[in-house]
Structure formats: C-alpha cells, structure tokens
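I opened this notebook to record what I looked up in one structure. The entries follow the order in which I took up each topic.

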Amino acid sequence: MKLNTIIFGSLCLVASGCSGFLELAPIDATNVNNFYKNASDMQAAITAAYGMLANAGEYGYAYYNVAEVRSDNTMNWEGGGNLPDAELDQFKMASTNEIIRVMWVDTYRGILAANTVLDHIGGAQMDEALRQRFIGEARFLRALQYFNLVRTFGDVPLVLSETKSVDEGYSQPRVPKAEVYTQIIADLTDAEQKLPVSYAGNDIGRATRGAARALLGKVYLTTGDFARAKTKLQEVIDAGTYKLLDDYAALWPVANANNAESLFEVQFKKGGTGTGSSFYNNFAPRNSGSSVIKVGFAGGRHLPTTDLIAAYEAGDYRKNVSLSLGYTDNVTGKYVADPYTLKFQDTPFTDGDADNNWPVLRYADVLLMYAEAVNATDGPSGAAYEAINVVRKRAKLAALPAGLSKAAFALAIEHERQVELAFEGHRWFDLVRTGREVAVMNAHFKATVVQDFNAVFPIPQTQIDINPNGIKQNPGYSF
C-alpha cells in the first residue's frame, strides 16, 4: 500500500463521522468499543490521519493559496470581485472567506485524527516498537498541522486530546502562539527519536526521522532560534540520507515521487477512489480549454506573476522547468501568452484526479534554510556559501560572489528560495518569517496595500460566532 491508498472506514472513525465535520467538534460519537484494539486497527487510524493532509482545507487546496497566492509569486485567475480567491490574492479578506474557514476546519480535523491515535494507542495489543513508531508519526502530523495553523492565524486553540463532545469542541480558547510553538517543538523532538531513517515498499511516504528534524529546523528558524536551527539542519545534512537530484527536472514526474531529495510529501493517488490531486487541472490557464490539459477543467489557479518570472536570472535552468510562458491553442494554432506552472503535470484519471504529490520538505529547502541559519549566527561563512552554491550549481548558475555582507547574503538566500521553491508553498511564510512581507508586497502592488497586521489571516467568523468568549478576531480585520 502506498500511503495515499486511504482506508475509508478508518477515516470515518477517526474523523467522527463522514457526513460532515464542523469546526473543532465531532457531529456525533462513533462507537469505538470494538476498535483501536490491535496493530491493524492502529495502522488504519494512522493511515487515516495521513489522509487528512490531502483534504481541500489542507494541502489539497487551501495551503497553496495561503502560502503562495498570498505572496508575490503566484495569483489566481479571478483578479477582482469578492470571490474567496480574489479576496485572498488582493488582501481584501473578510472573516467570512471560505478558503480560511475550510483551512481551519480541515486542519483541526487532521489534528483530531492524530490526537485519536495518540489517545487510543496505549491500550492496543501490538508490538512495542511499532507502537512507538506510530506515536512518532502521529506527533509529526500534529506538529506539521499546528505549524501551518500558527503561521497562518497566530494564536490558535491548542487541542491535545480527542474531542469527544460538541460542547468541548466549541469551548476551546485561543492560546498564545509561543505556547503552540512549544508544543510543536515537543512533538517533533519526540517524533525524531521514534521515527525510522527510511521505509521500504508500501510504507514509503510516511514521516521519517529526517523529516522530523528538517521540520524542527524550520520551526526554530521561524521562531528566530537560529543556533538550534543550524544544529538541527546540520544533523539532516550530516546524516547523508538525502541528496539533490542531479537534474532539477527529475523532481517533478509523478513516476519519481518520494525520490532521494524528498523528505516528506503529501501523497495522492488517482483512480476514481477520491484520493487523487487536483493540481494539474487547477493550475492550467483558465481559458486554455484542452490545449494544456487533456482531461477536465482548467482552473486558472496558482499562476506565476510577472514578479516571479522576472526573478529568474539569465540562464537559470529552473525557469523553463518550473513554468511555461504560454501555450499553443489547439483550435486556432496560435500562441497564447498565458503563463502557468509545469511542476504538476500528469494525465488525470478524471477531472481533478491526478497522481501529483505535494512536496512539503525537500533537501534543497534544507540546504537553503541551513545557509540562512548559518548567516544569522555566523555571517556569510564558507559553510553558508557552500550550501547555497550547490543549489545554484544544479540550476546551472555561477556561485554567489565572495565578500557579501550579512544583509546582502540574506537577500540572496531570499531570492534563491523564491525561484528554487517556486509554487511549492514557501514564499509567503518566508517573507513573514524575515519581516519582509510589507516591503516586498507593496512593491509588488506598486501601492500601499499590505500592512503589518496582514502577517496573519483573519480568524474565520464561524469560530468567533460559536465561541465568542474564547476566540476573538485578529487586529485589523472585521466581519
């Protein structure tokens, strides 16, 4: 079983009902008296927890909107009006925005799935080594989802056990983000001790020790703990488990998923089972018909901006691998200048049902984070130069010039991350982490559009309505 072959019965059990899940609380109680008893039950439960990452409110749709479309890298076709996509893209978001509502709901569903595993696994009759591995996997998944929540919304409710009643779910208060980060670090520290270095066969795609270490390094980088970030990312590098693929283009074919550069991907599998990804369809130019995609609707989502296109240096091999500047209309035979990404290409089984995984962590990201952490602690040392230059070498670019100042080197890393990791869900959070989002985005808009409060998104109004005492709106936003 590749991880994306979700066991739907267990998915319903963990999510407490497939008929509909509202916010933090289950709709009804599922009879679990005869479940979570053995290794097979817990295997089903942890597989279901992985499956939550593929939901629309997580990596299936919402994540690339908040992490890339929000930035100067990509945009959605709907450039105006009050559609959720346009609101997010243009920094005109209301608290009723559907994208952030679904993100909140689905991410907490995923956290519930992980919490359910952790709450029940102690009583299951199973091999102790496997139990510890499943605990590590569940804590990794919970940490990843809280990391996405806290970066998006700031202070959020911190739920660490299975929610068993509507009242319990609707009474969870927001806690300071520092407390959330403390829990994320604790989860990942425990996970890295319990997770294996790698997997084989049907288990490929599960969280590994390297994934936990890399994510922990990113968390430390985000919180400004550069010394710990450097140490943790150095551990990933020194382990020798991962490497850059020789050819950047080899990263993207679906047949090469979970390759030697991949630390963690959200797994999708086409075939009419509800486990396929919609990226191929969603990222095609809206008016391209069947000129770019052969099956289904062209969504016009996550399209490269002129800023991103201009960011590639002359001769950067990654540009023509990552994006196309247009397509040839298969009716008129004419070229249409309408840029789109090439990173998520496949032949779908049906509309929105393709094999493309979502790359959460890969080794190039680790190297660039390491260069950033070294620069922050030691300045642009030889180790920092080496880490960024190996990424540039694969892109067929010259090494960075020697003698850059600390500030200039930081901007070089920012630029390298923009083009190396384009379309992969890093740009907005990179800008916020370095305090550059206001300056960069207002330059992008050529107007004063973005303010400091926009570093986080509005809390969904539905959450405030059901828990007005525990959940207040973020400053700067209104209904």
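Entry on terms. I take helices as DSSP runs of H or I with at least four residues, numbered from the N terminus. I also note at the outset that this is a predicted model.

Entry on helix H6. I looked up Asp 106 and Arg 109, which both lie in helix H6 (residues 98-120). They are three residues apart, about one turn of the helix. Their side chains meet in a salt bridge, at 3.6 Å from N to O. I then checked burial and found that Asp 106 and Arg 109 are both buried.

Entry on helix H7. I turned to Glu 128 and Arg 131, a pair that also lies within one helix, H7, with three residues, about one turn, between their positions. A salt bridge joins them, and the closest N and O atoms are 2.8 Å apart. Are the two partners buried or exposed? Arg 131 has 11% relative accessibility and therefore counts as buried, the limit being under 20%. Glu 128 has a relative accessible area of 42%, so I recorded it as partly exposed.

Entry on a link between helices. I next looked up Arg 213, which forms a salt bridge with Glu 192, with 2.9 Å between the closest N and O atoms. Arg 213 belongs to helix H10 (residues 209-223) and Glu 192 to helix H9 (residues 177-194), so the pair ties together parts that are 21 residues apart in sequence. Glu 192 counts as buried because its relative accessibility is 5%.

Entry on the salt-bridge count. How many salt bridges are there? I recorded a count of 37. I also noted a network of linked salt bridges whose members include Glu 261, Asp 316, Arg 362, Arg 394 and Glu 424.

Entry on the nonpolar cores. I found that the largest nonpolar core has 116 residues. Among the members that touch the most others are Met 42, Phe 140, Phe 153, Phe 264 and Trp 358. Helix H7 (residues 128-153) supplies the largest share of this core, twelve residues. A second, separate core has nine residues, including Ile 293, Ala 298, Leu 303 and Ala 354.

Entry on strands E4 and E10. I looked up strand E4 (residues 262-266), which runs antiparallel to E10 and is joined to it by four bridges. Phe 264 stands opposite Leu 361 in E10. Strand E10 (residues 358-362) is mostly covered, with five of its five residues buried.

How values were computed: Residues numbered from 1 in each chain as written. Predicted model: local features only at pLDDT ≥ 70, side-chain atom pairs only at ≥ 80, totals over all residues. Heavy atoms only, no water. Buried < 20%, exposed > 50% of the residue type's maximum accessible area, 1.4 Å probe, protein only. Helix = DSSP H or I, 4+ residues; strand = E, 2+ residues; numbered from the N terminus. Pairing = 2+ DSSP bridges. Core = buried A, V, L, I, M, F, W, Y, C linked by side-chain atoms within 4.5 Å. Salt bridge = Lys/Arg side-chain N within 4 Å of Asp/Glu carboxyl O.
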